[in-house]
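Please keep the sequence and the structure in view while reading.

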Amino acid sequence: MVALIRHPVLGTVLFDTGYGRALEESASARLYRRMLPFTLPDRERLPARLAGERVDLVFLSHFHPDHIGGLQEVPGTPPIVHSREGLTKLRALRGLTSRRAAFFEDVLPADFGRRARAIEDLPQVECEGWGSGFDVAGDASLVALALPGHAAGQYGLMCRLDGGSRLFLCADAAWLHANIDDRRKRPAWPVRLLVDDYAAFIRTLDRLEAFAGAHPEVRIVPSHCEESIGPVD
């Protein structure tokens, strides 16, 4: 999923970038493409989907290739907000652990370092019902919330919409909304081999479950849940 947010102060904000040409051509991602092949029609490529849009900020939930693969194709050179702690951990990995983390440095744009902005440097703010987060927009309308477990440095984004309602982009903290609603539908044990920290992954799911129960008015959107994804007024 790529979410496009039109913010009254920040302008057009992208939440993740999906697959892209850089991932298709990445030398370091050859094994990933063999194990998880994908085809991206022209109409689904990021430039086509952003036709006529100016992008003012990119927010990366985490560094898995299906979330950063289109980063090089984002028009212009907007700032890129991400977890510095997560990226530092990924860059320190070696061997099998590195391959399991599925982080491919060559997918990042050449000027990534100049455009990068660390979530951890943003002002802290309290998010109702969740706790502490980081204020992306300066007015608590977009709050980055740590969602550990699935990937190093994963963050979701709590969005306050016009009228005061809220939408929680929870990235891959859950793959389906059913993972949150029904414990019997949580990912099976092989997921232990795929996530950064399985115990933290389960704790985050528990926290999402509790939050959803206490705040049913908040729309929670996992990045791979087709039933949850759709336009929001």
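Of the 233 residues in the protein chain, 51% are buried, where buried means under 20% relative accessible area, exposed means over 50%, and partly exposed lies in between (1.4 Å probe, protein chains only). The model is predicted, so local features need pLDDT of at least 70 and side-chain atom pairs count only at pLDDT 80 or more, whereas totals for chains, interfaces and linings use all residues. Residues are numbered from 1 along each chain as its sequence is written, and side-chain values use heavy atoms, with hydrogens and water left out.

The protein chain contains 9 helices and 11 strands; helices (H or I, at least four residues) and strands (E, at least two) are DSSP runs, numbered from the N terminus. Its radius of gyration is 17 Å, close to the 17 Å given by the globule rule for 233 residues, so the chain is as compact as a globular protein of that length. This radius is taken over C-alpha atoms, and the rule is 2.2 Å times the number of residues to the power 0.38. Along the principal axes, the C-alpha trace spans about 45 × 45 × 35 Å.

Strand E4 (residues 80-82) pairs with E5 in the parallel sense over 3 bridges, and Ile 80 has Ala 116 in E5 as its bridge partner.

Another open sheet is formed by 6 strands in the order E6-E7-E8-E9-E10-E11, again with mixed pairing. Which strands stand at its edges? They are E6 (124-127) and E11 (219-221), each with a single partner strand, so one side of each is left without a neighbour in the sheet. Here the twist averages 35° from one strand to the next.

Within this sheet, E6 and E7 run antiparallel and are joined by 4 bridges; Cys 127 has Gly 131 in E7 as its bridge partner. The hairpin of E6 and E7 has 3 residues between the strands, and Gly 129 takes a positive phi near 85° there. Strand E7 (residues 131-135) is mostly covered, with 4 of its 5 residues buried. E7 in turn pairs with E8 in the antiparallel sense over 2 bridges, and Phe 134 stands opposite Ala 144 in E8. The hairpin of E7 and E8 has 6 residues between the strands, and Gly 138 in the turn has a positive phi of about 85°. Strand E8 (residues 142-146) then pairs with strand E9 (residues 155-160), antiparallel over 5 bridges, and Leu 142 has Cys 159 in E9 as its bridge partner.

Met 35 lies in helix H2 (residues 30-35) and is exposed, with a relative accessible area of 60%.

How values were computed. Pairing = 2+ DSSP bridges. Axes fitted to C-alpha atoms, helices over the stretch in contact; angles between N-to-C directions.
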